[in-house]
Amino acid sequence: SNRQALDAAGANLVALCDVDSRRLGETAEKHPKAKQWRDFRRMLEKQHSEIDAVMVSTPDHVHAPASMAAMEAGKHVSCEKPLTHSVYEARRLAEAARKYDVVTQMDNEGHSEESMRRLVESVRAGALGAVREVHIITNRPIWPQGMNQMPPSRPVPEYLKWDLWLGPAPYRDYHNGLHPFKWRGWWDFGTGALGDMGCHFFDAPFWSLELGSPETVEAEQEGNTELSAPKWSIVTYRFPARRSADGRELPPVTLKWYDGGKHPPHPDGLPEDENVPDNGSVFVGEEGVLVVDGTSDFRLFPKSRRKQWTSPEPSLARAPDNNHKKDWLQAIQQGRKAGCDFARYGGPLAEVVLLGNVAIRAGRTIHWEAESLRAKNLPEADRYIRREYRKGWEL
C-alpha cells in the first residue's frame with residue numbers, strides 16, 4: 001500500500017528492498033526498472049547516488065536501524081508508525097534527523113487530513129472548554145497476543161532471508177505464522193496493540209492539547225509475558241499542567257488507552273444513546289465532549305453546544321491534497337519540514353505511545369524523567385526503554 005501511495009504522490013521508485021523474494025517479485029512486476037535488493041544496507045551503499053529518499057515499511061523492530069542507516073547516508077526518510085520499537089530508538093531518530101538535516105515523516109497518515117487540522121483548531125479555540133480527560137479505544141489486537149512460549153521451529157522458507165528479517169532482534173528460530181503479519185504480538189519484533197494504533201489515535205490529543213511528556217504511566221493488563229504483549233490492556237498517562245505555545249495555561253490531563261475489548265465508562269456529558277467508538281477517542285471538556293471516530297472525524301456534544309459553536313478560521317497549514325506522502329515529498333522539494341517529522345513531532349509522539357509498553361512490561365507505575373530517558377523510580381525498566389541489540393545491528 002505504501003508503494004501504491006508513493007506512486008500516486010509522484011515518487012519515482014528506483015530501488016526495491018525486501019527480505020521476502022515473493023513479495024519483492026510482486027512489487028518488481030509493477031516497477032521493472034527499479035533495482036532489487038534483499039539487504040537495505042547494500043542498497044544504500046551500491047545505489048547511493050540514485051536514491052534521494054527512503055520509505056521504511058518493515059516490521060517495527062527494523063524501523064530504527066533502517067531509518068538511521070538512511071539518514072546517515074544523507075537520505076530523506078518516511079517511516080511507518082510507531083516509528084520505532086523502543087522509546088530509546090525514538091529519541092535517537094529525532095536526534096539524527098536534526099544532525100543530518102534531512103526531511104523526515106512518521107507515516108501516521110491521519111495527521112495530514114483536513115479533519116485533523118479542524119479538530120486541533122477547534123479544541124485549541126475552546127470548543128470543549130478546558131480538557132482534563134481523554135479516552136482512546138481500539139479493537140486491536142486482531143492477531144495473537146498473550147503467548148508464553150514460542151511455537152515449534154520450522155525450516156526457513158527458501159524465499160525468506162531469515163537472518164536479515166531478524167535484524168537487531170534476539171535470534172529466534174523461524175516458525176509459521178510470524179511473517180508477514182503476526183509478528184506484532186511478539187515483544188522481540190512488535191509493539192502490540194498500543195504500538196500498532198497508538199500513533200494514529202494519540203495524534204489528535206497530543207497535538208491539540210500540546211501534551212508533551214507524561215509524569216506517570218501505569219497499566220492494567222491480562223496475558224502479558226516476557227515473550228508477548230497482553231490480551232488486553234488499559235494504560236493511564238498523566239500529563240502535567242503546562243503552558244501552550246501561544247501562552248495559555250493548560251490544565252493537567254489524564255489520558256487512558258483501552259484495547260482488547262475494553263471500553264471506558266460512559267463519559268459525563270455524552271448522551272446515553274451515543275456510544276464511544278471501537279476505534280477512536282473521546283475528549284471530555286468542561287463545556288462539551290468530542291467524539292472522534294478513527295483518527296480525526298469528530299462530533300461535538302451536547303447538540304446545543306454544537307449549534308452555538310462556530311469553527312475558527314483556519315490557522316494551521318494544510319497538507320497538499322490531505323496526503324501524508326505528498327506532504328513529505330513536497331517538503332523535500334521545498335526544503336521545509338514535513339508535518340510529522342521525527343525531531344519536532346513524530347519522535348516525541350512515538351516516545352509517549354511506547355512508554356505505555358514500558359509500563360505494561362515493568363508491571364509498575366512509571367515515574368517518567370523525559371530528559372534523561374529513564375523511569376526515575378524503577379531502574380529495572382531500563383531494559384524495556386532500550387533493548388539489547390544483536391552484534392552488528394547496534395544503534
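Colleague: Which residue stands opposite Val-77 in E4?

Modeller: Val-54 stands opposite Val-77. Before going on, note that this is a predicted model: local features need pLDDT of at least 70, side-chain atom pairs count only at pLDDT 80 or more, and totals for chains, interfaces and linings use all residues. Residues are numbered from 1 along each chain as its sequence is written, and side-chain values use heavy atoms, with hydrogens and water left out.

Colleague: And which strands are pairing there, and in what sense?

Modeller: Strand E3, residues 53–56, pairs with strand E4, residues 76–80, in the parallel sense over four bridges. Two strands pair if DSSP finds at least two bridges between them. The element names come from DSSP runs, numbered from the N terminus: helices (H or I) have at least four residues, strands (E) at least two.

Colleague: What unit do E3 and E4 make with H4?

Modeller: A right-handed β-α-β unit, with helix H4 covering residues 60–72. Right-handed here means that, with the strands pointing away from the viewer, the path from the first strand over the helix to the second runs clockwise.

Colleague: At what angle do H4 and H5 pack?

Modeller: About 10 degrees, with the axes 10 Å apart. That makes H4 roughly parallel to H5, since angles under 35 degrees count as roughly parallel, over 145 as roughly antiparallel, 65 to 115 as roughly perpendicular and the rest as oblique. The axes are lines fitted to C-alpha atoms, for helices over the stretch in contact, and angles run from 0 to 180 degrees between N-to-C directions.

Colleague: Which residues of H4 and H5 meet?

Modeller: On the H4 side, Ala-64, Ser-67, Met-68, Met-71 and Glu-72; on the H5 side, Glu-89, Arg-92, Leu-93, Ala-96, Ala-97 and Tyr-100. Contact means heavy atoms within 4.5 Å.

Colleague: Arg-92 is on that list. What does its side chain meet in a salt bridge?

Modeller: Glu-95, at 3.9 Å from N to O. A salt bridge is a side-chain nitrogen of Lys or Arg within 4 Å of a carboxyl oxygen of Asp or Glu.

Colleague: Buried or exposed, or in between?

Modeller: Both are partly exposed: Glu-95 has a relative accessible area of 39% and Arg-92 one of 23%. Buried means under 20%, exposed over 50%, partly exposed in between, with a 1.4 Å probe and protein chains only.

Colleague: How many salt bridges does a search of the whole structure find?

Modeller: It finds 30. One of them joins Arg-91 and Glu-351, with the closest N and O atoms 2.6 Å apart. Arg-91 lies in helix H5 (residues 87–100) and Glu-351 in helix H12 (residues 342–362), so this pair ties together parts 260 residues apart in sequence. Glu-351 is buried, at 8% relative accessibility.

Colleague: Which residue meets Glu-121 in a salt bridge?

Modeller: Arg-318, at 2.6 Å from N to O. Arg-318 is in the loop between helix H10 (303–308) and helix H11 (324–334), and Glu-121 is in helix H6 (residues 114–124), so the pair ties together parts 197 residues apart in sequence. Arg-318 counts as partly exposed at 29% relative accessibility, whereas Glu-121 counts as buried at 6%. Elsewhere, salt bridges that share partners join Lys-81, Arg-140, Arg-184 and Asp-196 into one network.

Colleague: Back to strands. How many residues of E13 are buried?

Modeller: Four of the five residues in E13 (289–293) are buried. E13 pairs in the antiparallel sense over five bridges with strand E12, residues 280–285, and Phe-283 stands opposite Leu-290. A hairpin through three residues joins E12 to E13.

Colleague: What about E13 and E14?

Modeller: They also pair in the antiparallel sense, over five bridges, with E14 covering residues 297–301. Val-292 stands opposite Phe-298. Three residues lie between E13 and E14 in their hairpin, and Gly-294 in the turn has a positive phi of about 70 degrees.

Colleague: Last one. Where is Gly-269 found?

Modeller: In the loop between strand E11 (253–258) and E12. Gly-269 is partly exposed, with a relative accessible area of 48%. Leaving aside neighbours within four places in sequence, Gly-269 is in contact with Val-289, Phe-301 and Pro-302.
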